[in-house]
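Have a pencil ready, and try each task before you read its solution.

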Amino acid sequence: MFTGIVQSQAEVISIKTENQLSRLVISVTPSLVSQLEIGASIAINGVCLTVVEFSEHTDNTYVIAFDVIAETLRVTSLGDLSVGSWVNVERSLKFGDEIGGHIVSGHVQYKSTLIKKQETPTNTTLYFECAAAWLKYIFDKGFITVNGASLTVGKVETMTLDGIEKNCFSVHLIPETLSRTNLGKLNVSDAVNLEFDQQTITIVKTIERLNLSHLNITQ
């Protein structure tokens, strides 16, 4: 379980694939390996992965390795990573930790794409496409997790780009968020991982079931 508060960015220093299994290795600061154990869960760009190895790399950095199966590479943006990519990192939540964002499971539900980026000297607005089937879980000012970062939705809308209508939502990012996460490094057409707020999903599905039940009774 996570909170969506990114603790650090880390550089991918190695990716090796063999027999449909990829070994992903990142370089991190010593603080991120404090009390770390093999088998621990860490969110990488919002994907919950299991630590399979970690060791000191240099005097000021450590490396952490994860094994990623083919299905995870297919349904998330981890399959788009290369050596030199920067990822968002969050250690799993502990009892007593402050929940600064919202409860996040680390289970990516949708692989989205950045379709528009607006920048000013003080903030940045990012627009991400989203399939119509998932829009019912996104509300203006609601929670959403993008690459593991807990964000507030700006607006849900339909945008016309190059003559094509696209369902999308926007998020507004302050300089602090841009500096602490890899969202500021995104370019248009880059893929990101989305996790929708589980409480919102539960409420929407409950209302759908109640409405369906009511229709069956009245009929």
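**Exercise 1.** Find the residue that lysine 116 lies over, and give the distance from the ring centre.

*Solution.* Start with the rule: a charge sits over a ring if NZ of Lys or CZ of Arg is within 6 Å of the ring centre and within 35 degrees of the ring normal. Lysine 116 lies over the face of tyrosine 127, 5.4 Å from the ring centre. Keep in mind that this is a predicted model, where local features need pLDDT of at least 70 and side-chain atom pairs pLDDT 80 or more, while totals for chains, interfaces and linings use all residues. Residues are numbered from 1 along each chain as its sequence is written, and side-chain values use heavy atoms, without hydrogens and water.

**Exercise 2.** Classify the ring pair of tyrosine 137 and phenylalanine 196.

*Solution.* Rings of Phe, Tyr and Trp (its six-membered ring) pair if their centres lie within 6.5 Å; planes under 30 degrees apart are stacked, over 60 edge-to-face, and the rest tilted. Here the centres are 6.4 Å apart and the planes at 50°, so the pair is tilted. Tyrosine 137 sits in the loop between α2 and β9, and phenylalanine 196 in strand β12, 59 residues apart (helices, H or I, at least four residues, and strands, E, at least two, are DSSP runs numbered from the N terminus). Together with Trp134, these two form one aromatic cluster.

**Exercise 3.** Are tyrosine 137 and phenylalanine 196 buried or exposed?

*Solution.* Buried means under 20% relative accessible area, exposed over 50%, partly exposed in between (1.4 Å probe, protein chains only). Both residues are buried.
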